[in-house]
Amino acid sequence: MAKKVEVCAVGDLPPGAKTVVTVGARRIGVFNVGGSFYAMLDVCPHQGASICEGPICGTNKPVDDYRYEFMMEGEIVRCSRHGWEFAIKSGECVGVPGVRAKTYPAAAESGKVFVTV
Ligand code: FES
């Protein structure tokens, strides 16, 4: 059964910030992207390192056969070990189709941030 867990006060996690909390045996990264909250298991699907110790950033994506453009600024977290990039909102790995970090619902309510695990 899903459990809603209080993480922190909304004011402690401003836009662009992240925090890592322990819920039972799980470490979960909680992010504020543009005023909305997202949560991701802090275990990289590549080789199990901490994703959330890596930087929040953007990524380069191809826009046609010859050009890449930098995009999704503030919506990507880069794994601390080998640099695989994950979309914070969905958990999708940017460069490896079909690979995804586990995500959890997160939301603000009554001035506090909650994650449902
Ligand atoms: S362990 Fe995360 S990219 Fe390798």
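In this predicted model, strands β9 and β10 (residues 112-116) run antiparallel and are joined by four bridges. One place where the two strands face each other is at Ala106, which stands opposite Val115 in β10.

- Three strands make up an open sheet, in the order β1-β10-β9, and their pairing is antiparallel.
- The edges of this sheet are β1 (4-9) and β9 (106-109), each of which pairs on one side only.
- From one strand to the next, the twist averages 30 degrees.
- In general, the strands of a sheet pair through backbone hydrogen bonds, and they may do so in either a parallel or an antiparallel way.

**The largest nonpolar core**
- The largest nonpolar core contains 22 residues, and those with the most contacts inside it are Val30, Tyr38, Ala39, Met40, Ile51, Phe86 and Ile88.
- Two or more residues of this core come from each of β3 (26-33), β4 (36-41), β6, β7 (85-87) and β10, with β3 giving the most, namely four residues.
- Tyr38 is in contact with Phe31, Val33, Ile88, Lys89, Thr103 and Ala106, when its neighbours within four places in sequence are left aside.

**Met72 in strand β6**
- Met72 is found in strand β6, which covers residues 68-78.
- Because Met72 has 17 C-beta neighbours inside 10 Å, it counts as partly exposed, the range between buried at 20 or more and exposed at 12 or fewer.
- Not counting residues up to four places away in sequence, Met72 touches Gly58, Thr59 and Ala87.
- Met72 and Ala87 are 15 residues apart along the chain, and their C-alpha atoms are separated by 8.5 Å.

Definitions and conventions
Residues numbered from 1 in each chain as written. Predicted model: local features only at pLDDT ≥ 70, side-chain atom pairs only at ≥ 80, totals over all residues. Contact = placed C-beta atoms within 7 Å. Pairing = 2+ DSSP bridges. Axes fitted to C-alpha atoms, helices over the stretch in contact; angles between N-to-C directions. Core = buried A, V, L, I, M, F, W, Y, C linked by C-beta atoms within 7 Å.
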